[in-house]
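Please read this briefing alongside the sequence and the three-dimensional view, which come next. The notes after them are grouped by topic.

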Amino acid sequence: MKKKLFIMGLGAVFFLPSQTVKAQQPDWGIAAMYRVASIPFDTSGGDQSVSTFVPMMFYNDDNLFIRGTEGGFYLLESENQKWQLNALTRLRFIDIPKVAQNSIEGDKADFGLQLAHHWDENWRLEAEIMADNEYRFHSNYRLAAKYDWGDWELEPSFTLRYKEADFNSTYFAFSDITQQHIGAGIDANLGLKTRYHVASNLYLLGQASVTRLDSNAYHSHAVEDRYQGEFFVGFGFFNDKNKERKSSLSNKAYVRVAHGWATPSNIGEIFKFEQEKDPYNNQMSSFFYGHPLTDELFGLPLDIYLHSGIAHHWASQVQSSSTETVVSIKAYYTFNWPTKWRFGFAEGMSYIDNITYIEQTEMDEKGYTPSHLLNYLDFSFDVNAGELFGQSEWKNVWFGYSLHHRSAIFENASQFGRIKGGSNYNTVYLQFDF
């Protein structure tokens with residue numbers, strides 16, 4: 001039996017086992033993608049395309065799915081598994097010149113419901129109702145398929161998107177700036193996703209699509225081109241499709257409790273022991289859960305986890321309290337010297353409801369609008385407490401240090417607001433294996 005605690009933020013979910021069980025190997029992956037899209041808007045002879053670096057995570061089980069730029073929960077499923085109702089959030093890119101993306105505050109994460117019908121093992125129909133954070137609505141109607149031919153996986157799709165007038169006016173007429181309001185419309189998108197298995201856990205990824213804008217959007221003052229194209233290219237690490245899934249994994253689930261202190265120093269200064277102390281002593285406490293994904297990568301003994309958590313940033317004289325939600329994938333390498341030690345590294349996404357003082361001051365100095373959604377990194381080093389102190393009953397306890405880091409990938413990611421900088425917290429933790 002499992003006790004389940006669901007926390008919806010970035011598609012994060014925690015499974016807290018009520019007893020020690022060996023985990024079965026789930027679907028998982030982590031990828032680095034580079035996206036290029038044409039700009040359909042009138043840039044007066046300026047940039048005709050825009051690019052962004054997009055880190056991606058993938059995960060799938062009976063309750064949760066993360067698929068690169070979207071994620072959500074399986075809410076209901078018919079007995080024959082042909083019908084599914086899902087809660088969904090998806091990243092939507094706003095393709096304007098790079099110099100304007102920070103003032104627009106980056107891309108958007110829409111949320112909504114999806115009803116999917118699977119005709120057979122290949123073809124499916126999807127209907128979605130989605131909204132942005134201001135409840136501007138659009139709906140998608142998609143016909144898609146997925147085929148697996150040896151090392152190749154192909155996923156063609158055709159989507160019709162209905163955009164209500166307020167959504168169309170905001171994102172295609174920029175009504176807040178131009179004061180032009182346009183009517184509703186339906187655009188069409190034809191796309192293809194590909195994945196090629198190179199060897200072991202390594203895959204090459206690609207994606208391309210073309211969109212035809214509706215007449216109201218096309219005839220707005222801001223739009224110049226009716227057709228918009230985009231493509232993604234990159235690589236990733238996934239389950240080796242030539243190996244059978246393991247029925248159980250050697251690495252165990254864990255919970256981690258940490259407390260940390262802010263520093264205005266960057267990662268390089270911290271690792272060279274040249275860090276500065278935050279004069280206002282801003283602090284955070286966090287709770288993380290690690291869900292096992294695999295106990296090897298390329299045949300090497302690396303423990304990989306879905307590493308998700310919540311951090312509470314405490315109020316101080318310069319900031320109010322805030323809550324940060326994190327979902328990431330973390331790898332551990334264990335070695336003996338002479339007791340068990342581990343290095344760990346995680347990469348993922350972090351969303352915070354109120355920008356902290358340490359981030360806001362850096363953004364103010366650099367002239368950026370801060371972003372609530374940023375890239376997340378975690379560097380850790382810990383030791384097994386049981387072996388260190390010669391206490392066998394502590395063999396599932398680890399004591400360590402981690403660097404809790406939020407940043408925006410040096411202005412290369414539109415989804416993070418095209419900013420440079422972020423925040424760092426030095427934390428100490430106790431980690432308990434189940």
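In which strand is the place of His291? His291 has its place in strand β17, residues 283–294, where strands (E, at least two residues) and helices (H or I, at least four) are DSSP runs numbered from the N terminus. This is a predicted model, in which local features need pLDDT of at least 70 and side-chain atom pairs count only at pLDDT 80 or more, while totals for chains, interfaces and linings use all residues. Residues are numbered from 1 along each chain as its sequence is written, and side-chain values use heavy atoms, with hydrogens and water left out.

**Strand β17**

- His291 counts as buried at 10% relative accessibility, where buried means under 20% relative accessible area, exposed over 50% and partly exposed in between, with a 1.4 Å probe and protein chains only.
- The side chains of His291 and Tyr289 are joined by a polar contact of 3.2 Å, a term for a pair of N or O atoms within 3.5 Å of which, within protein, one must be able to donate a hydrogen and the other to accept it, and for which residues adjacent in sequence count only if both atoms are side-chain atoms.

**Aromatic rings**

- The count of aromatic pairs comes to 27, under a rule by which rings of Phe, Tyr and Trp (its six-membered ring) pair if their centres lie within 6.5 Å, with planes under 30 degrees apart counted as stacked, over 60 as edge-to-face and the rest as tilted.
- Trp123 and Tyr147 form an edge-to-face pair, with 6.4 Å from centre to centre and 80° between the planes.
- This pair links distant parts of the chain, since Trp123 lies in strand β9 (residues 123–131) and Tyr147 in strand β11 (residues 147–149), 24 residues apart.
- Trp123 is partly exposed at 28% relative accessibility, and Tyr147 is partly exposed with a relative accessible area of 24%.
- Phe288 and Tyr376 form a stacked pair, 6.2 Å centre to centre with 20° between the planes.
- Because Phe288 lies in strand β17 and Tyr376 in strand β21 (residues 373–384), the pair ties together parts that are 88 residues apart in sequence.
- Phe288 counts as buried at 0% relative accessibility, and Tyr376 likewise counts as buried at 0%.
- A cluster linked by ring pairs is made up of Tyr333, Phe335, Trp337, Trp341, Phe343 and Phe381.

**Backbone in the loops**

- Trp337 and Pro338 are joined by a cis peptide bond with omega of about -20°, and Pro338 is found in the loop between β19 and β20.
- Tyr135, although not a glycine, has a positive phi of about 60°; its place is in the loop between β9 and β10 (137–145), and at 53% relative accessibility Tyr135 counts as exposed.
- Ser200, also not a glycine, has a positive phi of about 50°; Ser200 lies in the loop between β13 (185–199) and β14 (202–212) and is partly exposed, with a relative accessible area of 24%.

**A lysine in a loop**

- Lys277 is found in the loop between α5 (267–271) and β17, and at 68% relative accessibility Lys277 counts as exposed.
- Lys277 and Tyr332 are 55 residues apart in sequence, and their C-alpha atoms are 29 Å apart in space.
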